[in-house]
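Dear colleague,

I am passing on the structure we talked about, and my notes on it follow directly below. Please read them with the model open beside you.

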Amino acid sequence: MLSFRRPLSVFPRHKMARFVGLDKLGKLFNYVRDNGGIRASLYKLYRMDEMKSGRLVGEDKYGNKYYEDPSQFYGRNRWTDLPPNRDGNRPHYSWMIDHSENVSGTKDAYMPYSTTRPKVEAWDPKKSLPK
């Protein structure tokens, strides 16, 4: 009868850990440590549906923290961590102007100036009344 079992001396120690899955457990512990402990990691998992660990690239004046992890595939390797009291508006880069409130529907709303005559005249009820 043939034996397909290899003796343990054939497997190096790090390959055996990978084979058993201990490297994933180590990665989980690193994620929990980098996210600020068990409670903070669970909160981040609740807010963002994922836990990530990466290098802090920068922080802007609004409290957004920008991270990068080159071990992730492209498109998932950069992310923004928003402060809990801020909604997910677009990030603010140095080439963007500061945010201003939406003034649509108010007297401060932008109204473009037109130099062409309207093709259709608006109905004026005072002009159509018989005298």
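**Salt bridges and strands**

Glu50, Lys52 and Arg76 are joined in a network of salt bridges, a salt bridge being a side-chain nitrogen of Lys or Arg within 4 Å of a carboxyl oxygen of Asp or Glu. Please bear in mind that this is a predicted model, in which local features need pLDDT of at least 70 and side-chain atom pairs count only at pLDDT 80 or more, while totals for chains, interfaces and linings use all residues. Residues are numbered from 1 along each chain as its sequence is written, and side-chain values use heavy atoms, with hydrogens and water left out.

Glutamate 50 is partly exposed at 23% relative accessibility, whereas lysine 52 is buried with a relative accessible area of 12%; here buried means under 20% relative accessible area, exposed over 50%, and partly exposed in between (1.4 Å probe, protein chains only).

By this rule the count comes to 7 salt bridges. One of them joins aspartate 81 to lysine 44, the closest N and O atoms being 3.4 Å apart. Aspartate 81 lies in strand β3 and lysine 44 in helix α3 (residues 38-48), so the pair ties together parts that are 37 residues apart in sequence. Both aspartate 81 and lysine 44 are buried.

As for the overall layout, the protein has 4 helices and 3 strands, where helices (H or I, at least four residues) and strands (E, at least two) are DSSP runs numbered from the N terminus. Along the sequence they follow the pattern α-α-α-β-β-β-α, and buried residues make up 15% of the 131 residues.

Strand β1 (residues 55-59) pairs with strand β2 (residues 65-68) in the antiparallel sense over 4 bridges, pairing being assigned if DSSP finds at least two bridges between two strands. These two strands form a hairpin with 5 residues between them, and glycine 63 in the turn has a positive phi of about 95°. The bridge partner of arginine 55 in β2 is glutamate 68, and the side chains of arginine 55 and glutamate 68 also meet in a salt bridge (2.6 Å, N to O). Arginine 55 is exposed, with a relative accessible area of 52%, while glutamate 68 counts as buried at 19%.

On its other pairing, β2 meets strand β3 (residues 78-81) in the antiparallel sense over 4 bridges, and tyrosine 67 stands opposite tryptophan 79 in β3.
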